[in-house]
Amino acid sequence: MAKQRDLLTFEVDGHKITAITAGPSEPNGKPLIAALHGGTYTARYFDVAGSPEGSFIDTAVAHGYPVVAFDRPGYGGSTPLAPDANTFDRHAQLLGEAVEQAAGRLAADGVFLVGHSIGGMIALMIAAARPQLPLIGVSATGMGAVIPPGGAAEALSALPPDETVDLPYENRDQVMFGPPHTHRPEGVREAHDSYAPVPVRELIQAPAWPREHLPAVAPRVTVPVHNALAEFDALWDSGPDDVARFAALFTAAPFVDASVARSTGHCIDHHTLGHALHLRQLAFAAECTAWAAAGRRGEKVN
């Protein structure tokens, strides 16, 4: 079961955005980690212990990072959007403002965005569009540059467009998890507690995102970018050429770290080796912190 966390509520343009938070409440020189979940999950996605070492939130807090994981519109306690208004652009607007409010409320020294799957798409859109955000870097996982035609992503996008559907656990598990040797039964059970009904509109938009948004978004991201795709991802192509293709699009980023998360399926965090991803994300956050500090000191940063 997910642990009890503190709850936060933000008001943005007449919409309520809810979040769970943990970690130090006073500034300690480390950035606020603002986390955005993918489709069919709530913010509790980041509090699932796929490995014995714990969840992403557990690991981040153990290393001294404050974390705020947001419920995207229509999930958890966040206000749903009408089907026609439920666009990734609108999510980026509302969640970008909520992240800014969280940074101010918690007196954050900087913000490190973490997004999984659709949350990764939205995190990159926020990074590209909100120069006023004290952003030091972004980690987008479970998403990339190539969705294979005729795969699971296109099958999900064929559901009724204006409905919210609650997919059976067994159907989700087939898409979200890799082979049996890559995950623990405990992790799967905990993941079920983070599942939620999904507005079908976003499942329709997701397969088109690499084509319709990524080429314009990527060159506008001016902070370091981390990316990880699952070795056994049922939704995305994660071969070496696909990983390199994604990284090459971020021409304005000071540095890009893109790789494959081995022995994992789409919901990387919930696998036994999800902990390895979490350590890589925190190491990247530390590199971004040093990069941002050098820039503030007026040093040359590459």
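Reader: What should I know about the numbering, the confidence limits and the atoms before reading any value?

Author: Residues are numbered from 1 along each chain as its sequence is written, and side-chain values use heavy atoms, with hydrogens and water left out. Because the model is predicted, local features need pLDDT of at least 70 and side-chain atom pairs count only at pLDDT 80 or more, whereas totals for chains, interfaces and linings use all residues.

Reader: What makes the protein as compact as a globular protein of its length?

Author: The secondary structure comes to eleven helices and ten strands, where helices (H or I, at least four residues) and strands (E, at least two) are DSSP runs numbered from the N terminus. The radius of gyration, taken over C-alpha atoms, is 17 Å, which is close to the 19 Å that the globule rule gives for 302 residues, so the protein is as compact as a globular protein of that length. The rule itself is 2.2 Å times the number of residues to the power 0.38. Taken along the principal axes, the box filled by the C-alpha atoms is roughly 50 × 40 × 40 Å.

Reader: Why is A22 called buried, and what does A22 touch?

Author: Buried means under 20% relative accessible area, exposed means over 50%, and partly exposed lies in between (1.4 Å probe, protein chains only). A22, in strand β2, has 12% relative accessibility and therefore counts as buried. With contact meaning heavy atoms within 4.5 Å, and residues up to four places away in sequence not counted, A22 touches R5, I57, V61, Y65, P66 and V67. R5 is 17 residues from A22 in sequence, and their C-alpha atoms are 6.3 Å apart.

Reader: How do you know whether G187 is buried or exposed?

Author: The relative accessible area of G187 is 0%, so G187 is buried. G187 is found in helix α6 (residues 185-194), and, leaving aside neighbours within four places in sequence, is in contact with V48, A49, G50, F177 and H270. The C-alpha atoms of G187 and D269, which are 82 residues apart along the chain, are separated by 9.5 Å.

Reader: Why do F284 and F255 get the labels they have?

Author: F284, in helix α11 (residues 274-296), has a relative accessibility of 2% and so counts as buried. F255, in the loop between α10 (240-248) and β10 (256-265), has a relative accessible area of 25% and is therefore partly exposed. F255 is itself among the residues that F284 touches, a list that also includes F112, V138 and D257.

Reader: What makes the phi values of D13 and A107 worth a remark?

Author: Most residues other than glycine have a negative phi. D13, however, has a positive phi of about 50° although it is not a glycine, and the phi of A107 is near 50°, again a positive value in a residue other than glycine. D13 is found in the loop between β1 (6-12) and β2 (15-22), and at 57% relative accessibility D13 counts as exposed. A107 is found in the loop between α2 (88-105) and β5 (111-116), and with a relative accessible area of 41% A107 is partly exposed.

Reader: Why is the second largest cavity called a cavity, and which residues line it?

Author: On a 1 Å grid over the protein atoms alone, a cavity is a set of points where a 1.4 Å probe fits but cannot get out, and lining residues have an atom within 4 Å of a point. A search of the whole structure finds two cavities of 30 Å³ or more, and the second largest cavity has a volume of about 80 Å³, a volume being the space filled by probe spheres set on the points, which are joined across faces, edges and corners. The residues lining the second largest cavity include P24, E26, K30, P66, A107 and D109.

Reader: How do you know the make-up of that lining by class?

Author: Ala, Val, Leu, Ile, Met, Phe, Trp, Tyr, Cys and Pro count as nonpolar, Asp, Glu, Lys and Arg as charged, and the others, Gly among them, as polar. On that basis the lining of the second largest cavity has seven nonpolar, two polar and three charged residues.

Technical notes. 1 Å grid on protein atoms, 1.4 Å probe; cavity = no way out; pocket = protein on both sides within 12 Å on 5 of 7 lines; lining within 4 Å.
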